[in-house]
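The sequence and structure come first, and the details follow.

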Amino acid sequence: MDHQPKFFENLSGTGKAIGVLTSGGDAQGMNAAVRAVVRMGIYVKAKVYFVYEGYQGMVDGGDNIVEVSWESVSSILQVGGTVIGSARCKSFRTHEGRLQAAYNLVQRGITNLCVIGGDGSLTGANLFREEWSGLLEELAQNGKIDAEAVKKYAYLNIVGMVGSIDNDFCGTDMTIGTDSALHRIIEVVDAIMTTAQSHQRTFVLEVMGRHCGYLALVSALACGADWVFIPEYPPEEGWEDMMCVKLSENRARKKRLNIIIVAEGAIDCHNKPITSEKVKDLVVQRLGFDTRVTILGHVQRGGTPSAFDRILASRMGVEAVLALLEATPATPACVVSLSGNQAVRLPLMECVQMTQEVQKAMDEGRFLEAVRLRGKSFENNLNTYKLLAHKKPDAELPKTNFNVAVLNVGAPAAGMNAAVRAAVRVGITEGHKMFAVIDGFEGFAKGKIKEISWGDVGGWTGQGGSILGTKRTLPAKYLEKIAEQMRTNNINALMVIGGFEAYESCLQLQEARSRFEEFSVPICVLPATISNNVPGTDFSIGADTALNAIVETCDRIKQSASGTKRRVFIIETMGGYCGYLANMGALAAGADAAYIFEEQFDIRELQANVEHLTEKMKTSIQRGLVLRNENCNENYTTDFIYQLYSEEGKGVFDCRKNVLGHMQQGGAPSPFDRNFGTKISAKAMQWISKKLKETYRKEPGKVFANTEDSVCLLGMRRRNLVFQPVAELKSETDFVHRIPKEQWWLKLRPLMKILAKYKTSYDVSDSGQLEHVAMLPKEAVPAAI
C-alpha cells in the first residue's frame, strides 16, 4: 500500500471554534481526551472552548462556555473522571433547551462540537445537528440573531468519542475508561484472593454493566473465575445444580477459594434478574460454604486512568480534531474509535443503531444473536472463557496421543503465566498430553520436563514473572540434547512463549530440521516481552504491564516536581534498542521529550529541548519530564543528558535523574496482558492441534512437519491476529539491534510532540476515511448488522 504521505499542515483551523464537552457517566481517560482536543485544536490555530457540566452547561451558557488556553489542560492527564464536569440534562431533551443551547454556541461562533460520552449523549448530539439550521432560523425569527449569523454558522459539525466504562458501544473495540475499570476490578480481585485463600471462602463479586457483560466477562477471564453471570448469555435451565457441582469439585481438588463474578444486569433465561445476594444464598444453602458478597460499585469509575486509556484517549482526541477540520456540511456525524490497533471513523448513527439492536435482541430473548452483535472480540472472550473455566470429565475428552510441550524463553514478562495456563487447558480439552519445560531451552537440554495437568495451572493468570522459569539461552548449543529429550518424551509440538530470543530460537530449530528430524513438528511462538520488539506483531504480552509501571512512576515523579517547581526529571526506561516503552510512556505520562534509538538525535536537538523547557518554565507549568530509552545513543547517556540539562538550565530549572530498572519487569500482569496472553495462547493451541492432524503420517505413525508454515509466530497486526512463518519474518528484522525494521508506533511520535507543544509534521494518511460498521474485519469488530 504505497500511498503518498498526507500531512495535516494544510488543514488549518483558523477561524474555526471547537466546543468540547463530556456528558453522561464519567470514565477514566476523559481528561486525556479533553487535553488532546484542546491542544490539537490550539495547535491548528482554532479557538477551543470548554463546555462545563455537559449539555446542562450548553443550555445554561454564561460562565459554562469558556475559551481555554494550552495551560488550561496541564496536569489533567493523570486525573480520573472529567475536570469539566458531566451532568444528566433534562432540559436538552426539550426543544426549548436545544434552542437556548444553539443560541449560546452561535454567540461564541462555535460550530464544531466534540462530544465525549456514551450512546445517549452521542444520539442527543446527532439530533442537535439535524435540527441546527431550523433552530437558527427560529432564533432569527425571534430576533435573537441576525440573518448574517444564520448564514455564517449554517452548519454544525459533530464528532463523538465514546467514554464509557462498560464498553457497550458497537463499532469500537475499546471505549475510553474500560481498561481502567478493569484495572480497578482486577486490583480488588487480586486482593480478595489472598484473604479468601486464608479462610477457604467463596466470594461473589458484583461488577458494573446493567446492559453489557463486558467487564464481568473479561475480569472473569483475567482472574480465572469459577463462574460468571452476564446479561448477554444467561445460564441454561438447572444452572444452580451445575454451578454447585462445579464449586464442590473445585474444593475437592484442593482449591481453597472460589470466585463468582456477577454483572449487575445479569439475568436467567426467563429474563429474571440474578443478583449477587441470590447467588450467595444458593451457595450457602446448598453447599454450606463460607460465602461473602463484594459489590464494587463506583470504585470502578474512579482512580487514575491506565496507560492504555491515556494513549487511546490522546489518539482519539487528535483524530477527532482532524475529523472536525475535514468535515463538510455533507459529512454525517461520526465517532472516532479504535479497531484492533487502528484509529477509524464510523458514522455515529450506524453505531448507535447497532448498539440498540443488541438490547432489542436481548429483550426478545435472542441471546446468541446479542453475543454476535456485540462483536468478534466479545464473542472470542466468551468462547475462550467457556473453554478454560470448566474441565470436561476425562471420559468426555478426546484422546489424540499427541504430546505438546510449553516453555518460556528470554526475560520474564507479566502475562506469560496466563498464556501457559491457557495453552495447557486448551491442549487438554483438545485431547493432548501437555508437558511443561522448566528454565527454557537450557532446562530442556537437561531433561527438566514434566507432564502438567489442568489443576496445576489454577490461579496462574494473576501471577507476574514466569512460574516455569525462563532463560535467555538459545537452543543452538544444545541441539543434540534437546532433540534427544524430544525423542525420549515423544514431543510432537512446541509452544514457545517469549521475546526476541523465542523468535530466534524457533528460527534455529527450523534451520536444524535437516540434521534432527525431531524438530520437524509444529512450532508456535507467542510474543511475550516488555520491550515489544518482536517482529510480526504490534503488541507483545507484558508490554502493557511495563508501560503502566512506567506511567505510574512518572505520575509520582511529576507530583514531587509540582511541589518544588522548576524541576526537570530525566527518566531512563528499558527496552533494549526498541523505543516503544520510552515513546508510549512519554505519550501516556505527558512528557516533554523522549529519546529513542529509532529516531537519531544530535546535540542541536538536545539544545532545542533545553530551550523549549526554558520557555515552558516561564508559564504556569513549572516542571519537565524527559524519557530516555536505555540504548538510544551510546554517547548521549542518561548521565550526559542529565549533566547537559543541569548546566544549560542553570538559574532556570534544576535536574534530577531516575533509572527505572527492573521494576518494569515485575508486578502482577495488567488486565490487558492477562486477556491478550490468554486469548492468543488459546488460539495458538488450536492452530497446533490443526497442524498436528494435518502432519500426522499413519506410516510410520508419527508427526512430520517440515514446511515453512509449520513454524509460525502468532501476532496482532493492525486489526487482526495472524500466524506468520518465522522464516518470512527474517526480512523484516534488524538482527543486530533486535528490533523490527518497521514499527507502527513511530507514527504516534509526532502526537507526543504536538501535545508537548513542538512544531512537527504528522502523517494522517491512515485517517480521514469514513468507514461503515459492516465493513470492519471480522476479527476485530462485528460483522454486518
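Asp 439 counts as buried, with a relative accessibility of 18%; buried means under 20% relative accessible area, exposed over 50%, and partly exposed in between (1.4 Å probe, protein chains only). The model is predicted: local features need pLDDT of at least 70, side-chain atom pairs count only at pLDDT 80 or more, and totals for chains, interfaces and linings use all residues. Residues are numbered from 1 along each chain as its sequence is written, and side-chain values use heavy atoms, with hydrogens and water left out.

**Salt bridges overall**
- The structure holds 35 salt bridges, each defined as a side-chain nitrogen of Lys or Arg within 4 Å of a carboxyl oxygen of Asp or Glu.

**Asp 439 and Lys 448**
- A salt bridge joins the side chains of Asp 439 and Lys 448, at 3.0 Å from N to O.
- Lys 448 is partly exposed, at 35% relative accessibility.

**Glu 501 and Arg 472**
- In the salt bridge between Glu 501 and Arg 472, the closest N and O atoms are 2.8 Å apart.
- Glu 501 lies in helix α17 (residues 500-511) and Arg 472 in the loop between β15 (470-471) and α16 (479-488), so the pair ties together parts 29 residues apart in sequence.
- Helices (H or I, at least four residues) and strands (E, at least two) are DSSP runs, numbered from the N terminus.
- Glu 501 is buried, at 7% relative accessibility.

**Asp 654 and Arg 656**
- The side chains of Asp 654 and Arg 656 form a salt bridge of 3.7 Å, N to O.
- Asp 654 is partly exposed at 31%, and Arg 656 is partly exposed at 34%.
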